[in-house]
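The following report describes the architecture and selected side-chain interactions of one protein chain.

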Amino acid sequence: MAFHSGFVSILGRPNAGKSTLLNALVGEKLAIISPKPQTTRNRILGIIHVPSGRAKRGGQVVLIDTPGVHKPDSSLGRKMMVEVSEALEGSNVILLIADVMQKSAPADQFVLDMAKRSGTPIFLILNKIDRIEKGKLLPIIEQWRKLHEFKEIIPISALKKNGLDVLLERLLEALPQGPKYFPEDQLTDQPTRFMAAEIIREQLLLGTKEEVPYSTTVIVDQFEEGLRLTRIAATIYCEREGQKRILIGKGGQMLKKVGTTARIQIEKMIGTKVFLELFVKVTPGWRNSRQFVEGLDWRRQLEELAGDRHGNFKPARS
Ligand code: GDP
Ligand code: MG
């Protein structure tokens, strides 16, 4: 049977469950998750390899998780929306993911308009059906149907992994015949160095409240992989002295807890012991500094690390 492949971007409001869906479909934790909106700040590639079997179509789905669509009020927010637009460019299918528990609002219309403008076929994915009574689903589907002629409407629970087989099958049907864009052992284009920074940021998101999670970012300054030990030093940036005190905690407790939990997860990901050092630094207003925000982009960081010679870290698109 013919091999089908292509690029599929996951689009939706903050907290709809986009990153949970990416992780569930790929079967690995590639994107960090939190109950707080705007957890995802850059686009994240996840590659699904589907072996062909008897009467089963084989193929490769290159998923792109994106930051939640919102009206940006900072350089960081604007950069996040650029990440969304770049994901939509060149996508074969858009998965518009909506939370069934959330009343469809102008925000959904805004996301839908964005998807429609791209001219790409749209699958409507109604997520979190584990939280709703069965009878309530049909009226919601009807409501959405009035807004657009979706290529497919598929109810799922990304968390409980319900409906994902159907989703994958329909996706492969919708994708054109195409090449294997990535080798079979590759699941993402993110370097481990950057994933380590995200794992640390996830712990900060889970452990802090109010403005602190949004004012925080992480940059890995040192990443030395050895056979048995990987040495990592990272700086946590925040915007105010008060936030720094919270991030460090009484007697350094908070930082210690974040460091320990993150280290264990990073060890699992890399497969070696990890020595993790964390620093906290105050950089007032970094979210509004275009230059600082651009510097957070791992693609940019890689360019700087490698020098101009191997500057472009791009997945091989044949
Ligand atoms: P994103 O902002 O769209 O990437 O959303 P996340 O994937 O970070 O998820 C936001 C929150 O919704 C997290 O607390 C998830 O655990 C939760 N969530 C995601 N999918 C589901 C689902 O299918 N059912 C339920 N009950 N919760 C979900
Ligand atoms: Mg996300």
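The model under discussion is a predicted one. Eight of the nine residues of α1 are buried, so this helix is largely enclosed by the rest of the structure. The buried positions in α1 are Lys 18, Ser 19, Leu 21, Leu 22, Asn 23, Ala 24, Leu 25 and Val 26. Just after α1, Gly 27 adopts a positive phi of about 85°.

## Overall form

The protein comprises ten helices and nine strands. Its radius of gyration is 20 Å, close to the 20 Å that the globule rule gives for 318 residues, so the protein is as compact as a globular protein of that length. The C-alpha trace spans about 55 × 40 × 35 Å along its principal axes. Of the 318 residues, 51% count as buried. Among contacts between residues at least 6 apart in sequence, 72% join residues at least 24 apart.

## The open sheet and the helices across it

Six strands form an open sheet with mixed pairing, in the order β2-β3-β1-β4-β5-β6. Its edge strands are β2 and β6, each of which pairs on one side only. From one strand to the next, the twist averages 25°. Strands of a sheet pair through backbone hydrogen bonds, in either a parallel or an antiparallel manner. Here β1 and β3 (residues 59-65) run parallel and are joined by seven bridges. Within this pairing, the bridge partner of Ile 10 in β3 is Asp 65.

Helix α3 lies across β1, β4 (93-99) and β5 (122-127), and runs at about 175° to β4. Helix α4 (residues 137-145) lies across β4, β5 and β6, and runs at about 150° to β5.

## The magnesium site

Which side-chain atoms coordinate the magnesium ion (ligand 2)? The donors are OG of Ser 19 and OG1 of Thr 40, at 2.0 to 2.2 Å. This pair links distant parts of the chain, since Ser 19 lies in helix α1 and Thr 40 in the loop between α1 and β2, 21 residues apart. Ser 19 has a relative accessible area of 8% and is therefore buried. Thr 40, at 9% relative accessibility, also counts as buried.

## Salt bridges

The structure holds 17 salt bridges.

| Asp 108 | Arg 13 | 2.9 Å |

Asp 108 forms its salt bridge with Arg 13. The two residues belong to distant parts of the chain: Asp 108 is in helix α3 (residues 106-117) and Arg 13 in the loop between β1 (4-12) and α1 (18-26), 95 residues apart. Why do both count as buried? Buried means under 20% relative accessible area. Asp 108 has 6% relative accessibility and so counts as buried. Arg 13 is likewise buried because its relative accessible area is 16%.

Glu 152 belongs to strand β6 (residues 152-155) and Arg 170 to helix α5 (residues 164-174), so the bridge ties together parts that are 18 residues apart in sequence. Arg 170 counts as partly exposed, at 29% relative accessibility. Salt bridges that share partners also join Arg 43, Lys 79, Glu 83, Glu 86 and Asp 297 into one network.

## A further position in helix α2

Val 82 is found in helix α2. At 40% relative accessibility, Val 82 counts as partly exposed. The C-alpha atoms of Val 82 and Ser 9 are separated by 14 Å, while the two residues are 73 residues apart along the chain.

Methods: Residues are numbered from 1 along each chain as its sequence is written. Chains are lettered from A and ligands numbered from 1 in the order in which they are written. This is a predicted model: local features need pLDDT of at least 70, side-chain atom pairs count only at pLDDT 80 or more; totals for chains, interfaces and linings use all residues. Side-chain values use heavy atoms; hydrogens and water are left out. A salt bridge is a side-chain nitrogen of Lys or Arg within 4 Å of a carboxyl oxygen of Asp or Glu. Helices (H or I, at least four residues) and strands (E, at least two) are DSSP runs, numbered from the N terminus. Buried means under 20% relative accessible area, exposed over 50%, partly exposed in between (1.4 Å probe, protein chains only). Two strands pair if DSSP finds at least two bridges between them. Axes are lines fitted to C-alpha atoms, for helices over the stretch in contact, and angles run from 0 to 180 degrees between N-to-C directions. Contact means heavy atoms within 4.5 Å. Donors are N, O and S atoms within 2.8 Å of the metal (3.2 Å for Na, K and Ca); water is not among the atoms, so sites may look incomplete. The radius of gyration is taken over C-alpha atoms; the globule rule is 2.2 Å times the number of residues to the power 0.38.
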